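I opened this entry to keep track of what I looked up, element by element.

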Amino acid sequence: MRELEPAARVAVLEAALCGEGPSGRNGGFLHGYWSALGRLRDVFGDGGALAVAQAASAIVPGVRRFVEGRGVDVWLREAPMLEISAAPAQDEAIERAVAAARELGVEEEAVPLGASELAERCASPRFRRGVLFREGATVQPARLVRALRAAALDEGVTLHERTPVLRVRRGSPNILETPGGRVLAREVVVAVNAAAAGWRPLARRLTVFGSYVVLTEPVPELLERINWTGGEAIIDGRMFLHYFRTTNDGRVLMGSGSGPIGFRGRLDGRFTADARSVGRAEAGLRYLLPDLAAAKIERAWGGPIDVSADHFPLFGTVPGTRVHYGAGYSGNGVGPSWLGGQIIARLALGIADELTGLPLVNRHVRPLPPEPVKRLGGGLVRAAALRLEEAEEDGRRASLPVRAVAALPRLIGLRVGTR
């Protein structure tokens with residue numbers, strides 16, 4: 001905000017420490033929305049999809065300018081992102097990504113790859129085919145958060161850590177109540193990631209899923225063996241996708257978005273210490289990259305992600321107030337939160353331009369079912385989807401009831417996973 005209005009007085013109230021939550025311990029994928037172009041079209045139409053994807057193309061250059069200008073090392077590594085199919089049912093995701101880019105005249109953003117072409121970038125007997133997205137990068141997320149924190153302090157932002165906001169009394173000015181006092185502010189920005197699922201204005205538009213990762217010991221010699229030395233981040237075509245990447249010191253991070261579902265926005269221990277979710281992440285590593293069978297797992301962790309009904313973020317202003325928000329990043333937050341920051345700063349300053357005119361802003365999102373239906377129904381669909389995709393990877397056909405339950409969200413216009 002101070003980049004747009006240097007005279008603005010900005011205070012940040014952080015319930016814990018900056019980066020202590022998922023912002024500092026996610027997978028570190030940095031990209032925009034070219035990989036989601038087909039789904040963008042479904043939600044926003046051709047023009048809206050292109051507008052969002054093109055605006056998000058500024059993300060990687062924006063982060064690069066920040067780290068170079070500050071002289072900080074966040075382990076930024078720019079490389080294409082790959083989406084691979086590891087089962088016949090996942091081929092559709094590859095075909096759709098390529099078709100969407102071709103039909104919208106941006107073929108260079110989604111280039112199809114056969115099995116042999118994939119093997120030149122990362123060799124695995126599981127990879128059937130894939131698509132290369134030109135735009136992509138990875139970062140060490142905790143390093144990035146710390147760099148952003150330092151930059152905010154250098155720019156004169158007042159930071160209050162371990163200062164939860166207990167209540168916002170909307171008015172002119174707004175009054176934010178904390179355990180140690182009150183803050184008066186003309187403009188308020190609510191940017192609390194998964195915790196927004198417990199905030200009344202967004203409670204029916206968000207749910208919380210757990211996402212877990214495992215991290216191997218350094219295995220640079222194994223990465224050389226499978227040709228995975230170019231820094232490409234990779235996702236597969238599952239409903240609850242696997243996402244995997246290498247690190248600067250030759251480790252492999254494998255993540256699985258198949259963790260537990262939240263209830264009423266509560267962020268409990270299931271999102272940080274769920275052994276079954278850790279097991280699924282490790283199983284994904286062993287299945288998708290069998291040549292890394294000898295790589296030992298050294299660490300594992302999880303975190304909550306805020307998921308919207310259509311898996312795209314929401315930016316806007318609560319009607320009748322000067323309270324602004326950004327939420328619903330749905331597992332892709334490192335990059336789009338940069339775009340969100342640009343949008344929310346403009347909303348708070350009353351600036352109307354091409355960014356505040358994006359279809360992500362002040363949009364209607366189909367509400368999710370109320371609790372406890374949201375939790376119970378989501379849990380049933382999640383369980384069915386996991387069984388369905390396990391059968392697909394084993395070359396089996398799941399039972400009709402399993403297939404029917406897994407398909408239910410799409411039939412009623414909601415999206416639980418990426419399909």
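I began just past helix 5, where Gly156 takes a positive phi of about 90 degrees. The model is a predicted one, so I read every value below as computed from it.

**Helix 5**

I then went back along helix 5 itself. It covers residues 141–154, which makes 14 residues. From first C-alpha to last it reaches 20 Å, close to the 20 Å expected at 1.5 Å a residue. What caps its N-terminal end? Gln140 does. A side-chain oxygen of Gln140 lies 2.8 Å from the backbone nitrogen of Ala142. Next I listed the buried residues of helix 5: Pro141, Ala142, Leu144, Val145, Ala147 and Ala151. I looked for what covers them, and helix 2 is included in that cover.

**Helix 2 against helix 8**

Which residues meet? From helix 2 I wrote down Ile59, Gly62, Val63 and Arg65. From helix 8 I wrote down Pro336, Trp338 and Leu339. By class, this contact has five nonpolar residues, one polar and one charged.

Leaving aside neighbours within four places in sequence, Leu4 is in contact with Ala345, Arg346, Leu349 and Ile351. Is Leu4 buried or partly exposed? Leu4 has a relative accessible area of 36%, so I logged it as partly exposed.

**Helix 7**

Helix 7 runs over residues 275–288 and has 14 residues. Its reach from first C-alpha to last is 20 Å, close to the 20 Å expected at 1.5 Å a residue. Its buried residues are Ser277, Arg280, Ala281, Gly284, Leu285, Tyr287 and Leu288. I kept the helical repeat in mind while reading that list. With 3.6 residues a turn in an α-helix, residues three or four places apart point the same way.

**Glu109**

I checked a glutamate in a loop next. Glu109 is found between helix 3 (91–103) and strand 5 (111–113). Its relative accessible area is 5%, so Glu109 is buried. What does its side chain reach? The side chain of Glu109 makes a polar contact with the side chain of Arg134, at 2.5 Å. Beyond its neighbours within four places in sequence, Glu109 is in contact with Trp34, Leu132, Phe133 and Arg134.

Glu371 is in the loop between helix 8 and helix 9. It has a relative accessible area of 17% and is therefore buried. I found two backbone nitrogens by its side chain. A polar atom of the Glu371 side chain lies 3.1 Å from the backbone nitrogen of Arg264. The Glu371 side chain also reaches the backbone nitrogen of Arg375, at 3.0 Å. Not counting residues up to four places away in sequence, Glu371 touches Gly262, Phe263 and Arg264. A cis peptide bond joins Glu371 and Pro372, with omega about 5 degrees. Pro372 is found in the loop between helix 8 and helix 9 (373–393).

**Other backbone entries**

I noted a cis peptide bond between Ser172 and Pro173, with omega about 5 degrees. Pro173 is found in the loop between strand 9 (167–169) and strand 10 (174–178).

Asn193 has phi near 55 degrees. Its place is the loop between strand 12 (188–190) and strand 13 (206–216). Asn193 is partly exposed, with a relative accessible area of 28%. Asn362 has phi near 50 degrees. Its place is the loop between helix 8 and helix 9. At 47% relative accessibility, I put Asn362 down as partly exposed.

Notes: Residues are numbered from 1 along each chain as its sequence is written. This is a predicted model: local features need pLDDT of at least 70, side-chain atom pairs count only at pLDDT 80 or more; totals for chains, interfaces and linings use all residues. Side-chain values use heavy atoms; hydrogens and water are left out. Contact means heavy atoms within 4.5 Å. Helices (H or I, at least four residues) and strands (E, at least two) are DSSP runs, numbered from the N terminus. Ala, Val, Leu, Ile, Met, Phe, Trp, Tyr, Cys and Pro count as nonpolar, Asp, Glu, Lys and Arg as charged, and the others, Gly among them, as polar. The expected span of a helix is 1.5 Å times one less than its number of residues. Buried means under 20% relative accessible area, exposed over 50%, partly exposed in between (1.4 Å probe, protein chains only). A polar contact is a pair of N or O atoms within 3.5 Å; within protein, one must be able to donate a hydrogen and the other to accept it, and residues adjacent in sequence count only if both atoms are side-chain atoms.
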